[in-house]
Amino acid sequence: MNAGYLMHGGDYNPEQWLDMPEILETDIERFLEAKINTVTLGVFSWAKLEPQEGVYRFEWLERIIDRLYENGISVILSTPSGARPHWMADKYPEVLRVNGMRQRNLFGDRHNHCLTSPVYREKVRLIDTQLVKRLGGHPAVKLWHISNEFGGECHCPLCQEAFRNWLRKKYKTIDALNDGWCTTFWSHTYDNFEQVESPSPIGERSIMALQLDWRRFISDQTIDFMESEIAAIRAAGSDKPVTTNLMYKFWDIDYFKMAEKLDIASWDNYPTWHKCEEWETARDTAFWHDVIYSLKKKPFLLMESCPGATNWQSVSKLKKPGMLEAASLQSIAHGADGAMYFQMRKSRGSQEKFHGAVLDHYDGREVRTFREVCATGKMLETLGEVAGARTQANVAVVYDWENHWALEGSCGPRNENMHYMESVEKSWRAFRRMGLNVDIVNQKSSLEQYRIVAAPMQYLFHDGFADRIRKFVENGGTFVLTYWSGVVDENDRCFLGGRPHGLMDVFGLRAEEIDGLYDWEENRICRPENAGTGKIEGLKEQYRCQYLCDLVKPSTAETLMVYGDDFYAGTPALTVNHYGAGKAYYICADAEQSFYDDFYRTLVRESGMTGAYEGEIPEGVEVTSRSGEQADYVFIQNYNRFETQVKLPGGEILFGPADGKLKPLESVVVKRKKAQDAL
Ligand code: GAL
Ligand code: ZN
């Protein structure tokens, strides 16, 4: 869905102002001034749309959509299933969620319904059908927004039965389940599927495979619920694209799987800007922009962000001047086709009355936040031609939801924290420091298009993953695997015969033992004293490493770095094995960031790849590029708190200062014609 412009707008709740029509008129006036071209309606409107069971009221919403349309503003229309009306919970208590202690919620809050409940599903289907029939054909409506921030789990009897059916489908027989889950351990053998219960603080917690399957089930059930909403939309006759708003660092749902059902990925982003260095927050946010882009490998939407200060973080910090523009541009730089807000107007009461918005309780034109929104709107309009352009990556980092669940859920080798995400982000950062675009892929993704793939801590191996790695290396790719990989199968059962399973010949080693380090402990990764081995350019004498140290025994692998301390001092800490036409590297321990920076720099140099920036990127500066049909766009952003001189690539400056002197939070966007100077 390339609208031909970048979307600017956000969640709009006019149902809260129906008795004050003058407010709605002011809204439109302000929206036009701020170059708002899209708003999201209906996210939490169910009680106004269906005030009594089966009694629908759509006229108010239609009037608002008409008014917006007359003013050239498009609509993302949301299904209201993120929060339900009181009457429904009163009449059908089964729609209320049950927690792990088997206690049912009272009515209240939001995002707390049972996603299995046939009653809930039917009520949602009916309202979605009405929504599509009454408003889905409206020319202002461009996109469906399914529910809101799906998440959480329910342990009610209906969910238990659905879980058992999910298991019956997967395992067919109880013997197969017992075998898969290793239930002979502690005599936890099941006699039949009816005995299976979801994990609970007062019940089963020791079967890791049960926990893993429960997480898979919750993820699948949520996706299934979302699909039932999409099916209702399609059945009611709308073929407009669908999205749902995903979240930051959210582990409950396998987003790769969820995104398969969506036309567009979108997400909500609320960084704590100004809490630490701006470049640190920018880096953290950028990683998630890349995750969301990678889900569909095409432009996404920043569905929600805060124009001012949120009211749910520990401290409500205002965005400093220029921050909104920089943060919005960052999403575009990483492949978004729109930067949107929560919320357009602050509500008068209730939980979010102090949450930042385009329009405050005093809604004058001169309000600082509003001026920032206007500036952002102007910038997005200037950059409209970027819409639809892809971010192209030759390198990828593997992040896999199921691996994450299994790795963090297992007892040992470190129960304090395995630091999985950190290890993924370290590799990603090293590539990003060179201005390379980076895809995040999971174990099921095809690897062919990449030159270098980094796969940190792939503890659980999906069927087929080892084969894909083998082929990738055989065909000339550079693959980097790390400690604690290829340990268990899809049921969290340890592979017999050594790790990394299925790849010991590709990596030319076998990992024998793993040492867990206390938080205060460190080891070192050092150049070996023997100059005959360990020839790798660009690495320093030594780096610190922490958390986990894999002890490996090479067969054909060459040792490039060794441990510096402890009883395994002098044994391999970094190895390479030549396999087929490619190279297979194994990093044995979690090293400090500068190790990854130096190591990947060497690999990238060897591969002949270059980023979108000529030379060394100054610290605190972020560089990305998007590739359109006619032109490429290079984005350079200064996240330092001081002016920074950057080297501009040749081309037309679409936005920002022409001399490359970037003030704090300032950015420049350069357009480069394809034929003229390809990246
Ligand atoms: C999001 C949610 C919005 C709003 C916002 C506040 O997570 O989708 O409805 O509550 O947070 O920051
Ligand atoms: Zn339930």
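Tyr120, Arg121, Val124, Arg125, Asp128, Thr129 and Val132 of helix H5 are in contact (heavy atoms within 4.5 Å) with Gln221, Asp224, Phe225, Ser228, Glu229, Ala232 and Ile233 of helix H8. By class, this contact of H5 with H8 comprises 6 nonpolar, 3 polar and 5 charged residues. Ala, Val, Leu, Ile, Met, Phe, Trp, Tyr, Cys and Pro count as nonpolar, Asp, Glu, Lys and Arg as charged, and the others, Gly among them, as polar.

The model is predicted: local features need pLDDT of at least 70 and side-chain atom pairs count only at pLDDT 80 or more, while totals for chains, interfaces and linings use all residues. Residues are numbered from 1 along each chain as its sequence is written, chains are lettered from A and ligands numbered from 1 in the order written, and side-chain values use heavy atoms, without hydrogens and water.

**Helix packing**

- Helices (H or I, at least four residues) and strands (E, at least two) are DSSP runs numbered from the N terminus.
- The axes of H5 and H8 (residues 208–235) come within 8 Å and cross at roughly 35 degrees; axes are lines fitted to C-alpha atoms, for helices over the stretch in contact, and angles run from 0 to 180 degrees between N-to-C directions.
- The H5–H8 crossing is right-handed, meaning that the near helix is turned clockwise from the far one by less than a right angle.
- H5 (residues 118–136) also packs with H3 (residues 59–70), at an angle of about 40 degrees and with axes 11 Å apart.
- H3 and H5 are therefore oblique to each other, the class left after under 35 degrees (roughly parallel), over 145 (roughly antiparallel) and 65 to 115 (roughly perpendicular).
- The crossing of H3 and H5 is right-handed.
- From H3, Glu59, Leu61, Glu62 and Ile65 meet Leu131, Arg134 and Leu135 of H5, a contact with 4 nonpolar, no polar and 3 charged residues.

**Zinc site**

- Cys114, Cys154, Cys156 and Cys159 coordinate the zinc ion (ligand 2) through SG at 2.3 Å; donors are N, O and S atoms within 2.8 Å of the metal (3.2 Å for Na, K and Ca).
- The site of the zinc ion (ligand 2) is tetrahedral, with angles of 101 to 117 degrees among its 4 donor atoms; four donors qualify if all angles lie between 85 and 135 degrees.
- Along the chain, the donors of the zinc ion (ligand 2) are spaced C-x39-C-x1-C-x2-C.

**Backbone features**

- Glycine 412 and proline 413 are joined by a cis peptide bond, with omega about 0 degrees; proline 413 is in the loop between H13 (401–409) and H14 (420–433).
- Arginine 499 and proline 500 are joined by a cis peptide bond, with omega about 0 degrees; proline 500 is in the loop between strand S13 (478–482) and helix H16 (504–507).
- Aspartate 109, a residue other than glycine, has a positive phi near 55 degrees and lies in the loop between H4 (86–91) and H5.

Terms used: Four donors count as tetrahedral if all angles lie between 85 and 135 degrees; four count as square planar and six as octahedral if opposite donors are over 155 degrees apart and all others between 65 and 115; anything else is irregular.
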